[in-house]
Every structure is written in C-alpha cells, then in structure tokens.
Amino acid sequence: MIPNQPQTPALFRDTLTGVVLAGGRARRLGGVDKGLMQVGGQPLIAWTLAALAPQVGTLLVNANRHLEQYAAFGYPVVADSMPDYQGPLAGFLAGMRAARTDWILTLPCDGPRPPSDLAARLISALIEQDAELAVATDGRRQQSIHALMPVALADDLERFLVQGGRRVEDWQRSHRLALADFSDQPEAFGNLNTPDAFQRFAEQFP
C-alpha cells in the first residue's frame with residue numbers, strides 16, 4: 001500500500017478492473033519490451049501495477065510478447081485480439097473483453113507514478129459531467145490512456161477498429177467524454193520513453 005493512498009470508494013473500486021497496457025512495440029527504445037526493463041531495482045511494469053492496485057478491484061496486463069514473464073506478476077495477461085500491433089485501442093478492447101467488471105481503468109506501463117487518486121477523480125468527473133467515459137487531463141493536454149471506460153462499449157470499439165480507426169482521441173470523442181482535471185500534478189503523467197528518461201527515474205533511488 002502506498003502511504004497516504006486516497007481510497008477509491010469501495011462501491012466503485014470493486015467494479016473496476018485496472019488494465020496496464022504493455023503491448024506496444026517501444027520503437028523509441030529499439031523495440032525492447034519496455035514493461036520488463038529494469039528501473040529503480042524492479043521491472044517498469046511493477047511500479048505501475050503497485051500504484052494502480054489499491055485503486056481497483058482487480059488487475060489485468062495487456063501484453064503481446066513475453067506473456068509468461070508478465071504472468072509472473074500474479075495477474076491475468078491478455079493479448080490483443082487484432083494482429084499487427086494496432087495500438088492502445090486494441091489494448092482497451094482486449095481489456096474490455098477479458099474484464100469481469102463493468103468498468104476498466106487503463107494505464108500505460110511506462111507511466112510508473114500515476115496519480116494516487118486517479119480512479120477517484122475519474123469517477124467523480126464521470127458522474128458530475130454525466131458522461132459515458134472519463135479521461136485525465138494534465139491541464140495542458142488530454143492524457144487519453146489514463147481512462148475510465150465501460151466494457152459495454154466493447155462492440156462499438158471493435159467496429160471502430162475494424163473500420164480502420166486507430167486514434168484513441170477520435171474514438172473517445174465519439175462518446176460523451178468527461179475530463180478529470182489533474183493540472184495540480186502534471187508530473188504524474190510522465191512517461192519513460194527514452195533511455196534518458198529511464199536514467200532520470202532510476203537516479204531517484206539509491
């Protein structure tokens with residue numbers, strides 16, 4: 001448990017499946033499996049799983065390589081149902097199809113320090129703005145992979161993908177979209193996409 005972890009209301013926490021997206025190609029890192037890269041003494045995905053676990057009822061990992069290594073973290077691993085690395089939307093769809101809850105909360109595996117109240121604020125925004133799904137914003141831009149979405153949209157999402165859609169924002173904006181304001185902590189959305197970013201994160205630990 002992270003110290004001073006804000007508690008997502010139990011009614012909602014138990015209806016959420018956290019889906020950590022680790023199914024990309026990591027082209028900017030030479031194609032390595034980014035989630036399994038060591039940083040700060042443990043694989044990158046371990047940081048994200050630890051941060052998300054207290055906020056959701058259960059967790060899944062979306063991965064397309066090294067499935068057994070990801071399964072060793074103790075959570076179900078689901079691969080994209082669509083071939084050829086179709087991007088984050090394919091990961092969303094895999095999570096929706098595998099989840100046994102009504103909602104999924106998604107995170108990229110390369111964001112090791114997400115907001116500790118991510119789920120709580122997304123839920124509040126969804127309710128207050130009478131929306132179908134909710135996405136975080138850091139005050140400057142939309143953080144579309146940090147999203148709360150109902151699994152009931154799975155068929156709609158699959159149709160979008162089959163028709164050639166790939167942009168996350170395009171699909172999300174085709175529905176009533178709530179934006180959850182995280183402008184007070186934009187640093188929580190930092191991604192480790194380059195060797196330098198990995199080095200800077202690792203330097204935080206002795």
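This is a predicted model: local features need pLDDT of at least 70, side-chain atom pairs count only at pLDDT 80 or more; totals for chains, interfaces and linings use all residues.
Residues are numbered from 1 along each chain as its sequence is written, and side-chain values use heavy atoms, with hydrogens and water left out.

**Overall architecture**

- The chain has eight helices and nine strands, where helices (H or I, at least four residues) and strands (E, at least two) are DSSP runs numbered from the N terminus.
- Of the 206 residues of the chain, 51% count as buried; buried means under 20% relative accessible area, exposed means over 50%, and partly exposed lies in between (1.4 Å probe, protein chains only).
- Among contacts in the chain with a separation of 6 or more, 74% come from residues 24 or more positions apart, a contact being defined by heavy atoms within 4.5 Å.

**Helix α2**

- Helix α2 spans residues 44–52, and eight of its nine residues are buried, so this helix is largely enclosed by the rest of the structure.
- The buried residues of α2 are L44, I45, A46, W47, T48, L49, A51 and L52.

**Packing of α4 against α6**

- Two packed helices are described by the angle between their axes and the distance between the axes.
- The axes of α4 (residues 88–98) and α6 (residues 154–162) come within 10 Å and cross at roughly 150 degrees; axes are lines fitted to C-alpha atoms, for helices over the stretch in contact, and angles run from 0 to 180 degrees between N-to-C directions.
- The two helices, α4 and α6, are therefore roughly antiparallel to each other, a label for angles over 145 degrees.
- The crossing of α4 past α6 is left-handed, that is, the near helix is turned anticlockwise from the far one by less than a right angle.
- On the α4 side, the contact is made by L89, A90, F92, L93, M96 and R97, and on the α6 side by A154, D155, L157, E158, F160 and L161.
- The residues of this contact divide into nine nonpolar, no polar and three charged; Ala, Val, Leu, Ile, Met, Phe, Trp, Tyr, Cys and Pro count as nonpolar, Asp, Glu, Lys and Arg as charged, and the others, Gly among them, as polar.

- E158 is found in helix α6 and counts as partly exposed at 32% relative accessibility.
- Leaving aside neighbours within four places in sequence, E158 is in contact with L93 and R97.
- R167 lies in the loop between α6 and α7 (168–172) and is partly exposed at 47% relative accessibility.
- With neighbours within four places in sequence left aside, R167 is in contact with L89 and F160; R167 and L89 are 78 residues apart in sequence and 7.7 Å apart in space, C-alpha to C-alpha.

**Positive phi in residues other than glycine**

- H66 has a positive phi near 50 degrees; H66 is placed in the loop between β4 (58–63) and α3 (67–71) and is partly exposed at 40% relative accessible area.
- D130 has a positive phi of about 50 degrees; D130 is placed in the loop between α5 (118–128) and β7 (133–137) and counts as exposed at 56% relative accessibility.

Note on methods: Angles under 35 degrees count as roughly parallel, over 145 as roughly antiparallel, 65 to 115 as roughly perpendicular and the rest as oblique.
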